[in-house]
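Let's take a walk through this one together. Have a look at the fold before we get into the side chains.

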Amino acid sequence: MAGESTGKKKKTGMKSFIGGTILTDERISRQFPFVVMLAMFGLALIMNRNWSEKTIRQIGDMQKELEALRSEHATISARLMDASRPSEVAKKVNEAGIGLKEPVKPPRKLTVEDN
């Protein structure tokens, strides 16, 4: 009778799963390192997906901010170009009452002779 029990394989059914005796079965305990490795790979996959999604969201936010800054740059640059025209500068000087006038004669080059 002792020889018969060693030749038979134990059936792992729902009763052994619920009772917890499935964990003591040698066939299951041999696979435990593989199951742990699969769980680690699954965890790494989930972490990588979450990190990737977070990075993609950050890239989208940065692109929106970059577009807003580009439009602001274009607006400010256009205002500066408009304000730095000679006619606008002359108008601002007259409004300020500083008393400056536009030169009538063209500028001349001064030369100094060394003795």
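How many helices and how many strands does the protein have? There are five helices and zero strands, where helices (H or I, at least four residues) and strands (E, at least two) are DSSP runs, numbered from the N terminus. Reading along the sequence, you get the pattern α-α-α-α-α.

Before going further, a word on what you're looking at. This is a predicted model, so local features need pLDDT of at least 70, side-chain atom pairs count only at pLDDT 80 or more, and totals for chains, interfaces and linings use all residues. Residues are numbered from 1 along each chain as its sequence is written, and side-chain values use heavy atoms, with hydrogens and water left out.

How confident is the predictor? The score is pLDDT, the confidence in each residue from 0 to 100. The protein averages 86, and 90% of the residues score at least 70. Confidence is lowest in helix H1 (residues 2-7), with a mean of 50, and highest in H4, at 96.

Now for the surface. Of the 115 residues of the protein, 5% count as buried. Here buried means under 20% relative accessible area, exposed means over 50%, and partly exposed is in between (1.4 Å probe, protein chains only). The protein exposes about 11700 Å², and carbon and sulfur atoms supply 62% of that. These areas come from the Shrake-Rupley method with a 1.4 Å probe, and for residues only the protein chains shown count as cover.

One spot to look at is a nonpolar surface patch formed by Phe32, Val36, Met40, Leu43 and Met47, with about 520 Å² of accessible area together. Patches are made of residues with over 30% relative accessible area and no salt bridge; like charges are joined within 9 Å, and nonpolar side chains (Val, Leu, Ile, Met, Phe, Trp, Tyr) within 5 Å. Leu43 sits in helix H4 (residues 32-83), and it counts as partly exposed because its relative accessibility is 45%.

On to the charged side chains. Side chains of opposite charge can pair when their charged atoms come close. The rule used here for a salt bridge is a side-chain nitrogen of Lys or Arg within 4 Å of a carboxyl oxygen of Asp or Glu, and by that rule the count comes to four. One of them joins Glu53 to Arg49, with the closest N and O atoms 3.2 Å apart. Both residues lie in helix H4, four residues apart, about one turn of the helix. Glu53 is partly exposed, at 33% relative accessibility, whereas Arg49 reaches 57% and so counts as exposed.

Further along, Asp82 forms a salt bridge with Arg85, the closest N and O atoms being 2.8 Å apart. Another one pairs Glu88 with Lys91, at 3.7 Å between the closest N and O atoms. Glu88 and Lys91 are separated by about one helical turn because they are three residues apart in helix H5 (residues 86-96). Salt bridges that share partners join Asp82, Arg85, Glu88 and Lys91 into one network.

Is Glu88 buried or exposed? Its relative accessible area is 18%, so Glu88 is buried. The buried residues of H5 are Glu88, Ala90 and Val93, and what covers them includes H4. After H5 comes Gly97, whose phi is positive, near 70 degrees.

How values were computed
pLDDT is the predictor's confidence in each residue, from 0 to 100. Contact means heavy atoms within 4.5 Å.
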